[in-house]
Structures are given as structure tokens and as C-alpha cells.
Amino acid sequence: MVMMAAVMDACQWSGFCIQRLIEQPRSSGAKDRSFQCLSKGFLQKSILSTTSSTQLKSSTVPLHGSSDAHKKKGIHVLSPNTSSPSMRVEFLDAWDDDYDGVIINPESLPLSANAFALALRASLSNWKLKEKKGVWLKIVLDQADLVPIAIQEGFNYHHAESGYVMLTYWIPNEPSMLPASPSHQIGVGGFVLNDKREVLVVKEKCPCSCSGLWKLPTGYINKSEDVFTGAIREVKEETGVDTIFLELVAFRHAHLVAFENSDLLFVCMLKPLSFEITIDEKEIQAAKWMPIDELIGQPFYQEDHMSKKVIDICMSAYEDRYSGFIANQLTSKIDGKLSYLYYNYSNKN
């Protein structure tokens, strides 16, 4: 027979308490299970009450940072039957979003797997009663052992970046209305032409289809980087040439590229401010100023209609036979942010 012992006296340790289920054999063969005080990460609602009739359910999940024995066998995540009138639980710290959903505070998740499992179930039940919709749960790398617990409770992967994974849970019994995970990567290319009608080109170190080809400097923009700023940076990194932005002349939209994501490539016309070339030897095999006719005379450009069209458009813009998009910095009342609006401005004079 299994009986619940009284709640152990609360003990403070570095500003929080750790919950652990302690099993000790009794003379009758039964076990005495005691709850230590819960870890941080809760909004204080109530404390666990003791009852001999409390039912426990268990599931095996790995515990990060446990001993070798625990790594091999796993640890049982025990959660009381919260339907018991004598059992009251704590809720995860969270706030409402603008769409009747919930965002769980990632900085105050319980450190204990058992405490997290218990609080997550209780919080989900509470949010269902409140008719909340989407739930967002960000788990950082140091607490990666909590991910399988959330998945077991019905969460799905949304996206991941260096240092964390984002999980979501859709409460209503209907198709999820949460936005999909990021689906596009953004690349930039710089078309730089000097007064001699020579274009700045590079030859990359890569075993790809453009290996050995003289081409425009290209690359991916960084997080929170503007399109034209990314083009200026890529040209500088690959060739050492300083430039300023003139206009965005064209962009390509392709699908099912890297990791089945879509790809946007923006081609910017840049004006050179310097002309001496210093290559990035890690990525670039060579760089030089090349006559435009020599560039498009390569067999690749004769066979690749997309690349040839890009060069044709760039030359038309250089000769004022075509107007691209300029960048104008404006503030939007929708989000209050200052950002760049790209639009065609035909009367460039």
C-alpha cells in the first residue's frame, strides 16, 4: 500500500526550492513518498496538500544532469491526480498575448522535471477553463530535458534557433490558427559597376553549381538586418570594396530550396566608394573588376536565363532605362516601428 507522507518543511536554497519525490521503504513493505517544496517558476496559488488517497501516474523521461544510473534508466515523472478535491496545484508564470492566447514566461520555468510536468498540466487545464487559444512555450538549451514532457502533453514544435526551441499548443477543438514557423530565407546580391563599365565579380570557394564561375557577390542577410545593408556588408566582406545603396533592381522568389524552405534573393545596385580589392580567403577564391561583356559572355549566363535577365535589368537601371525601388525610412502606426519601405520612384530627378 502506498501512502503520501506529510509535506516536508520548506527549505530555501539559492532563492528557490526543488521538488523531489523521495521514496523510503517501510517495515510493512509500503513506501513513504514525500514532496519537498516546489521549485521556482510558479505563481503562488496554493500548496500541495497531503492525502493517503492521492493517485500517482508516472512516465519515463530523461532527466538532464542526472547520474549515470538515471541516464540509463530514466526518471519517473510523477503527477498527482489533480481531480482529487484534496489536491491543489501551482500554475506556470505566463501572460496573455493579443490574440486570446498565452505566452509562458521562459525565464521562470521550474528546474525540476516533476514540478514542470505537474504545473504544465494544471496550467493547461486552467487555460482551457478560461477558453484560451494558443499557448507559446519557449524552452532554452539548459532546460532541454523539459521538451519531451511538453511534447507528451500535446505540444508541437514550432521553430528552433541557437539556444532555444519554441513549442505551441492549440487549445480549441478546431484547426490551429497559430502562424506557421518561419518559411523563408533571404539572400542579397550586389551589382557594383565602376566608370569603366566594369562590374565587381567574385569566384567562390564552393563545390556547387557556380563553382569556377565569375558572379556577383551574394550572401544571406543577418537577423534584424535591412536588405540593402546586407548587400553592402556582403560586398565589403567578400571584396573589401566600400559601397552605398542606389536602388533595389529585382528579386527572385524560389521554393523548396534549403531544408525545403522558400528563398528570396534581392539584387541591389550599389555605387563603389573604393576600388581596391581585398578578398575574404575563407569564402572567396578570387575577385576582380570585369568588363560587363566578358561577364555575360560566360557559357553559364548564356544558358541560365534567370541570371542573364538580372544582369540585363541592372544594366538598364545603370543607363537610366529602368527604375528600381528606392528605400524610404518611415514609421508605421500599426507597430510604431521605424523601418524601410521599398517602392518605385520613376522621376529620379
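Predicted model: local features only at pLDDT ≥ 70, side-chain atom pairs only at ≥ 80, totals over all residues.
Residues are numbered from 1 along each chain as its sequence is written, and side-chain values rest on heavy atoms, with hydrogens and water left out.

The protein has seven helices and 20 strands, where helices (H or I, at least four residues) and strands (E, at least two) are DSSP runs numbered from the N terminus. Of its 349 residues, 43% are buried; buried means under 20% relative accessible area, exposed over 50%, and partly exposed in between, with a 1.4 Å probe and protein chains only. Among contacts (heavy atoms within 4.5 Å) between residues at least 6 apart in sequence, 62% join residues at least 24 apart.

In soluble globular proteins, nonpolar side chains tend to be buried together. A nonpolar core is here a set of buried Ala, Val, Leu, Ile, Met, Phe, Trp, Tyr and Cys residues joined through side-chain atoms within 4.5 Å. The largest such core has 23 residues, of which Phe116, Leu137 and Phe155 touch the most other members. At least two residues of this core come from each of strand E9 (102-104), H2, strand E10 (134-140), helix H3 (147-152) and strand E12 (164-170), and H2 supplies the largest share, seven residues. Beyond residues up to four places away in sequence, Leu137 touches Ile104, Leu109, Phe116, Ala150, Phe155, Val165, Met166 and Leu167. A second, separate core holds 22 residues, including Leu193, Val249, Leu295 and Cys314.

A disulfide is a covalent bond between the sulfur atoms of two cysteines. With a disulfide taken as a pair of cysteine sulfur atoms within 2.5 Å, the count comes to zero. The cysteine sulfur closest to that of Cys268 belongs to Cys314 and is 9.4 Å away, too far for a bond. Cys268 is buried, at a relative accessible area of 0%, and Cys314 is likewise buried at 0%.

The structure holds 14 salt bridges, a salt bridge being a side-chain nitrogen of Lys or Arg within 4 Å of a carboxyl oxygen of Asp or Glu. Asp100 pairs with Lys132 in one of these, the closest N and O atoms being 3.6 Å apart. Because Asp100 lies in the loop between strand E8 (94-96) and E9 and Lys132 in the loop between H2 and E10, this pair ties together parts that are 32 residues apart in sequence. Asp100 is partly exposed, with a relative accessible area of 35%, whereas Lys132 is buried at 12%.

A further salt bridge joins the side chains of Arg121 and Glu153 (2.7 Å, N to O). This pair links distant parts of the chain, with Arg121 in helix H2 and Glu153 in the loop between H3 and strand E11 (156-161), 32 residues apart. Arg121 is partly exposed at 28% relative accessible area, while Glu153 counts as buried at 18%.

The side chains of Glu161 and Lys223 also meet in a salt bridge (3.4 Å, N to O). Glu161 lies in strand E11 and Lys223 in the loop between strand E15 (218-220) and helix H4 (227-239), so that the pair ties together parts 62 residues apart in sequence. Finally, Glu225, Arg233, Glu234 and Glu237 are linked in a network of salt bridges.
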